[in-house]
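User: Could you walk me through some local features of this model?
Analyst: Gladly, let's look at it together.

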Amino acid sequence: MPKVIIDGKEIEVADGTMLIEAVAKRGVSLPALCNDPRLEPSSSCRLCEVDVRGRQKSACACATPVEDGMVVETQSERLVEFRRTVLGFFADKYPRDAALRSPEKDFHRHLREHGLLERTVVEKPVGEVDDAHPYIHVDMSQCVHCYRCIRICEELQGQFVWGAYGHGEQTRVLPDSGSTLKASSCVSCGACVDTCPSGALEDKTILALGAPEAWQRTTCPYCGVGCELSVGVSKDRIVAVRPVLDAPVSKGHLCVKGRYSTGFVDAADRITTPMVRKNGAWTKVSWNEALDAAADALRRTRDAAGADANYVLGSARATNEECYLIAKLARVALGTNNVDCCARVCHAPSAAGLAAVFGAGAATNSFDDIEDAAAIMVVGANPLENHPIVGARIRQRALAGVPLIVIDPRRTELAAQARLHLQLKPGTNIPLLNAMAAVIITEGLANMAFVEERCEGLVDFANSVAAWPADRAAKECGVDAELIRKAARLYAGAKPASIFNGLGVTEHIQGTEAVMALASLALLTGNVGVRGGGVNPLRGQNNVQGAANMGCEPSKLTGYQPIAKARSLHETVWQTQVPDAPGLTAMEMIEAATAGRLACMLVAGYDVLLSHPNAKATHAALAKLDALIVIDLFMTKTAEAYGTVFLPAVSSFEKDGTFMNGERRIQRVRRAVSPRGEAKTDLEIACALAQRLGHGAAFQFSDAEAVWNEVRAVWPAVAGISYARLEHGGIQWPCPTESHPGTRVLHEKSFGVGPRAKLRPIDYRPSAEQPSDEYPFVLNTGRTLYHFNASTMTGHSKNRELGPDDFVQVHPNDAERLQIRNGASIRVRSQHGSFVGRAQLTDAVRPGELFSTFHDLRALVNDATGRGRDSVTSTPEYKVTAVTLEPVSA
């Protein structure tokens, strides 16, 4: 490690350290207005200049790497006077009230340290004030022309919103709208705000509530990327959220949801008192009465109808520790494997498909492999909206020239920037992937050395995909045959190449098989077990990977271990028998309830009625239950219609624990504010219910860490991940011992299924949801940037001002034929039901195809979705429904 002497003191730093970091380690703060560690050095302000012995000219510390033996002076009379002169130029035109109001800002601190506050302007200078954005206040009278907002929008987010217009002293920094930030292409990530050194760009919450008194590091409660947050708190309220600069996943970046959508914590309609339904109405009661009512319902059902007449749904928004206890409650206190989570309706096929081929139902690689990939293929995913930080990283690689292939029925923003976009018909993933494999084999592009050493079944696989030449697949998929060939050649020719898949792969009747087909492509080209390669599901919710891995899965125990394999170890640790028969999936639960085989359900953080397809069937099933216990923050549609007991839960900002992100990384969740009202953690609720059900001895946990230590005892792959280690950052499993560093890439030398993985032939089965004269359109559904699933959290934020309601994308040709105006209300009707949405005319969808978001509770998109399910996991076929469009009269 190099050593450098700074102002007479020797400092040792890591290789590759920039001089400005070494100076900061020495305890010296340089007024580097243009510098941000997330950006390439620009050295435009020159304020970080230092003298290096032996060099004739001063060096900009932000752009100078440390060299061993350097002798550096930072505070010479000449340097100090130079900084004061430059800062004084800004001070002479700067509003004094801003400097006094926000003394913590970097620029204001430097003015103060250099004795320049008295030179600031008492009368507020003229500058553009823009208050239209719901989260960001713009006051360009405070702009110091560092241009960090421009650069961070380009280099980190890739959005290119801000620009410098004019020349010299007339230069102005403006958004690309030429007017307000809200009217621009801004995606509200807030990166420009947290890089701004002066407050020209500021979070409105800071202006309204004041600067935070304390900061807490935790993990985002939204998607499965697992960004780390620094949560600013004042008077026990969240007043700001900033990105963690050294976070390994998010790397100092956040999206609009993680940064700004925290209003749900203190929402007026949040439920913080336990309730029991009495005489048809919800009545506030004590915790003891509510817990007694819940436990009595579960016990009565178990004793009268048997253990399997109860059903438990865990929450992908809960911590690992809470999911583990919910699964343990089902198996130990209720004696049933009838436990599942919302992975069932999203990425269960990813876990099942990857486990079948590789032996591990999780991402093979890490998000850091994005930067190592020579080519990237995104299949059935829209990461710029649904996983924005990963999406931004992928886009930056595409902007740098790395080939990007996007396979998606819509021309998403990322698809528009791809080298190749294969805009296939919804439901035709298998023919397309088979055709790509056929091209790779017939053109000799397979990595035969890898295939011969680490694969089996090549002959059968080759014979199977040979039935799908590109010309045949083109007719089925609606994609040009030559485009299929180009995609296959590009993917196979890049070394290494990475695959990222989303719900556009899994939410089909062949979802699991499509994941297997992706895995076969990776095997065929040798893109497994290497950095920059692999097959990586983009998981939807913050802990959906963790929920299933913690045992909220009817055929798997902790660690996604089959019951037969892990039952003995769990029985040893739990000191009780574990039922051996697999339970029902969340979709099979609907059928069982309809048939009268279920009587009671415990639902934690999962709105079944809103989330499941074919809402009419879900209503009929839930109506037959004797009792339905809900653990949640808000009155869900399920609780409103059929709940009997409501147990109010805390949010992730009010508790401790861990989440598991989509790359297998375990990260700490830390309490930032106190629990609201009487709300309790799922951990406390599960233990209290177990006590009342006669199994309290198995649920004696003092805190989340104690629960995690039991997880480590039953799942060897995380035995080495302790809370003490997690204080220093997240760790990726497998991590079997405390000396193990964690695993960035799986399957480097062998597979969980053995030394060889099998190439899986997949036969194509078309969806039953085909267009007809009565239902001529195909409906596809998905999320949008500003909202998250059922909008339980984002719906209680100002995101409503950025994305106020659901939309149905319609091609302009179809709209013209049906006389549908942009923004008009339209009814989307299928054989299963209908919903009303707002028409959005766009050529991002093809004629005859529709795309609808599903966040607005008033729309209830799942009234129209159908009965189709993945043949392996029962995951619903949300991506293909035959529908028609009807105008809605005013």
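This is a predicted model: local features need pLDDT of at least 70, side-chain atom pairs count only at pLDDT 80 or more; totals for chains, interfaces and linings use all residues.

User: OK, then is Gln 575 buried or exposed?
Analyst: Gln 575 has a relative accessible area of 67%, which is over 50%, so Gln 575 is exposed. Gln 575 sits in the loop between helix H23 (563–574) and helix H24 (586–594), and its phi is near 60°, a positive value in a residue other than glycine.

User: Which other residue has a positive phi although it is not a glycine?
Analyst: His 747 has a positive phi of about 65°, and His 747 lies in the loop between E31 and E32. His 747 counts as buried because its relative accessibility is 8%. As background, most residues other than glycine have a negative phi, and most peptide bonds are trans.

User: Which peptide bonds are cis, then?
Analyst: The bond from Lys 495 to Pro 496 is cis, with omega near 0°, and Pro 496 is placed in the loop between helix H19 (481–493) and strand E22 (497–501). The bond from Trp 733 to Pro 734 is cis as well, with omega near 5°, and Pro 734 is found in the loop between E31 and E32.

User: Switching to aromatics, how many pairs are there?
Analyst: The count comes to 11 aromatic pairs. One of them is formed by Trp 468 and Tyr 764, an edge-to-face pair at 5.8 Å centre to centre with 85° between the planes. The two residues are 296 residues apart, with Trp 468 in the loop between helix H17 (458–465) and H18, and Tyr 764 in the loop between strand E32 (757–758) and strand E33 (777–782). Trp 468 and Tyr 764 are both buried.

User: And which residues do ring pairs link into a cluster?
Analyst: Phe 89, Phe 90, Tyr 94 and Phe 107 are linked in that way.

User: Last topic: how do H15 and H18 cross?
Analyst: The axes of helix H15 (residues 429–442) and helix H18 (residues 470–477) come within 9 Å and cross at roughly 165°, which means that H15 is roughly antiparallel to H18. The crossing is left-handed.

User: Which residues make the contact?
Analyst: On H15 they are Pro 431, Leu 432, Ala 435 and Val 439, while H18 contributes Ala 470, Ala 473, Glu 476 and Cys 477. By class, this contact has 7 nonpolar, no polar and 1 charged residues.

Conventions: Residues are numbered from 1 along each chain as its sequence is written. Side-chain values use heavy atoms; hydrogens and water are left out. Axes are lines fitted to C-alpha atoms, for helices over the stretch in contact, and angles run from 0 to 180 degrees between N-to-C directions. Helices (H or I, at least four residues) and strands (E, at least two) are DSSP runs, numbered from the N terminus. Angles under 35 degrees count as roughly parallel, over 145 as roughly antiparallel, 65 to 115 as roughly perpendicular and the rest as oblique. A crossing is left-handed if the near helix is turned anticlockwise from the far one by less than a right angle, and right-handed if clockwise. Contact means heavy atoms within 4.5 Å. Ala, Val, Leu, Ile, Met, Phe, Trp, Tyr, Cys and Pro count as nonpolar, Asp, Glu, Lys and Arg as charged, and the others, Gly among them, as polar. Rings of Phe, Tyr and Trp (its six-membered ring) pair if their centres lie within 6.5 Å; planes under 30 degrees apart count as stacked, over 60 as edge-to-face and the rest as tilted. Buried means under 20% relative accessible area, exposed over 50%, partly exposed in between (1.4 Å probe, protein chains only).
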